Amino acid sequence: MSTPWNTTMDEWLVLSRCNRVAEQLFSRDRRAADEFARLAYERWTIEGIPPEELRDRRAPGMSDRRRLCKWGS
């Protein structure tokens, strides 16, 4: 299967982190998760703000344990 979309390993890692954080925040709303992941990718690549920082700004009360539980379920 060929695709015009070629990414480097670094780009793939950035996309993966953005998608993981989006899933943590919006585990029940795929559309909102996709929108957040795109926003997080743009902010990280343009402004250097990592997706975890955006997550913490959006949901400051989300503890580490809750994030891990949400991701694991």
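Analyst: Buried here means under 20% relative accessible area and exposed means over 50%, with partly exposed in between (1.4 Å probe, protein chains only). This is a predicted model, in which local features need pLDDT of at least 70 and side-chain atom pairs count only at pLDDT 80 or more, while totals for chains, interfaces and linings use all residues. Residues are numbered from 1 along each chain as its sequence is written, and side-chain values use heavy atoms, with hydrogens and water left out.

A salt bridge is a side-chain nitrogen of Lys or Arg within 4 Å of a carboxyl oxygen of Asp or Glu, and the structure holds eight of them. One of these pairs aspartate 56 with arginine 55, the closest N and O atoms being 3.1 Å apart. Arginine 55 counts as buried because its relative accessibility is 6%, whereas aspartate 56, at 35%, counts as partly exposed. Elsewhere, salt bridges with shared partners join Arg17, Arg20 and Glu52 into one network.

Helix H2 spans residues 30-47; helices are DSSP runs (H or I, at least four residues), numbered from the N terminus. Within H2, glutamate 35 and arginine 31 lie four residues apart, about one turn of the helix, and form a salt bridge with the closest N and O atoms 3.7 Å apart. Arginine 31 counts as exposed at 65% relative accessibility, and glutamate 35 as partly exposed at 43%. Glutamate 47 and arginine 43, also in H2, are likewise four residues apart, and their side chains meet in a salt bridge at 3.2 Å, N to O. Arginine 43 counts as partly exposed, with 23% relative accessibility.

Terms used: Helices (H or I, at least four residues) and strands (E, at least two) are DSSP runs, numbered from the N terminus.
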